[in-house]
Amino acid sequence: MRSLIFAAAALFAAGAAHAEPVTYALDPAHTQVAFSIDRFGFNRVLGQFDAVSGEVILDEANPANSSVRATVQIASISAGNATRDEHLRGDRWLRAAQFPTMEFQSTSVRLISDTRAEVTGNLTLLGQTHPLVLDVTLNRIADAPNNNRRTAGFSATGTLDRTQWGLATAPNLIGNSVSITIEALAQVPAAAN
């Protein structure tokens with residue numbers, strides 16, 4: 001969800017007015033795609049996907065030309081309980097064996113402020129593709145202190161209606177609205193630095 005995410009907005013320009021777009025790779029060790037959903041009206045189940053990959057192309061001179069592409073491995077879902085995780089991977093829910101990935105590809109970036117953007121894209125899940133809008137904040141672009149690689153960090157939120165993607169299991173018991181939270185770190189590959 002590109003997870004995302006998500007991210008691409010990376011945008012928001014502080015720097016070289018004539019710089020060329022730069023490609024950043026999502027760091028899977030520091031990128032998290034999390035979700036929450038209502039369960040029986042009593043509480044919300046929290047979970048995340050642990051395997052995320054993708055890239056962010058940042059155009060600091062023209063942030064609206066930035067983009068993001070992310071792939072999430074469905075089988076990497078973790079919702080705090082091994083039995084629940086198996087159910088979520090199974091045929092009644094996310095059908096990980098049949099549809100092993102979820103993919104997000106941005107289609108537009110609209111700046112809201114110097115550090116925020118609305119990133120619209122296509123989310124493919126369960127073999128269906130529908131639009132998804134993410135509110136993305138660019139937290140920082142700088143050289144990372146641990147490896148001196150150019151790094152961009154983002155926080156993103158969004159909401160989707162699971163029934164749009166054909167996921168209608170347990171109607172009136174499990175909520176249709178899924179809240180998404182993404183924390184993404186992207187770095188310029190070492191060879192490109």
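Glu86 has a relative accessibility of 49%, so this residue counts as partly exposed (the label for values between the buried class, under 20% relative accessible area, and the exposed class, over 50%, with a 1.4 Å probe and protein chains only). The model is a predicted one, in which local features need pLDDT of at least 70 and side-chain atom pairs count only at pLDDT 80 or more, while totals for chains, interfaces and linings use all residues. Residues are numbered from 1 along each chain as its sequence is written, and side-chain values use heavy atoms, with hydrogens and water left out.

Glu86 pairs up with Arg89 in a salt bridge, with 2.6 Å between the closest N and O atoms (a salt bridge being a side-chain nitrogen of Lys or Arg within 4 Å of a carboxyl oxygen of Asp or Glu). The two residues sit three apart in helix H1, so about one helical turn separates Arg89 from Glu86. Arg89 is also partly exposed, at 22% relative accessibility. Helices here (H or I, at least four residues) and strands (E, at least two) are DSSP runs, numbered from the N terminus.

The structure holds five salt bridges. Among them is the one between the side chains of Glu118 and Arg110, at 3.4 Å from N to O. Glu118 has a relative accessible area of 27%, which makes this residue partly exposed, and Arg110 is partly exposed with 47%. Another links the side chains of Arg150 and Asp143, with an N to O distance of 3.6 Å.

Stepping back to the overall fold, the protein has one helix and twelve strands. Read from the N terminus, the order of elements is β-β-β-β-β-β-β-α-β-β-β-β-β. Of the 193 residues in the protein, 45% are buried. If contacts (heavy atoms within 4.5 Å) are counted between residues at least 6 apart in sequence, 64% of them join residues at least 24 apart. The protein exposes about 9,400 Å², and 51% of that comes from carbon and sulfur atoms; accessible areas are from the Shrake-Rupley method with a 1.4 Å probe, and for residues only the protein chains shown count as cover.

Next comes the largest pocket, which holds about 550 Å³ of space. Its lining numbers 25 residues, and those closest to the pocket centre are Phe35, Ile37, Leu88, Trp93 and Ile174. The search ran on a 1 Å grid over the protein atoms alone: a pocket is an open set of points where a 1.4 Å probe fits, with protein on both sides within 12 Å along at least five of seven lines, and lining residues have an atom within 4 Å of a point. Grid points are joined across faces, edges and corners, and the volume is the space filled by probe spheres set on the points.

Strand E3 (32–39), strand E4 (43–49), helix H1 (82–89) and strand E12 (174–187) each bring at least two residues to this lining. E3 makes the largest contribution, with four residues. By class, the lining splits into 18 nonpolar, two polar and five charged residues (Ala, Val, Leu, Ile, Met, Phe, Trp, Tyr, Cys and Pro being nonpolar, Asp, Glu, Lys and Arg charged, and the others, Gly among them, polar).

E3 also contains Ser36, a buried residue with a relative accessible area of 12%. Leaving out residues up to four places away in sequence, Ser36 touches Arg44, Val45, Leu46, Ser177, Val178 and Ser179.

A few loop residues deserve a mention. Phe40, in the loop between E3 and E4, shows a positive phi of about 65 degrees although it is not a glycine. Phe40 is partly exposed, with 40% relative accessible area. Arg95 likewise has a positive phi, of about 50 degrees, without being a glycine. This arginine lies in the loop between H1 and strand E8 (101–111), and Arg95 counts as partly exposed at 24% relative accessibility.

Finally, Gly80 is found in the loop between strand E7 (77–78) and H1. Gly80 is exposed, its relative accessible area being 75%. Along the chain, Gly80 and Gly47 are 33 residues apart, yet 6.8 Å separates their C-alpha atoms.
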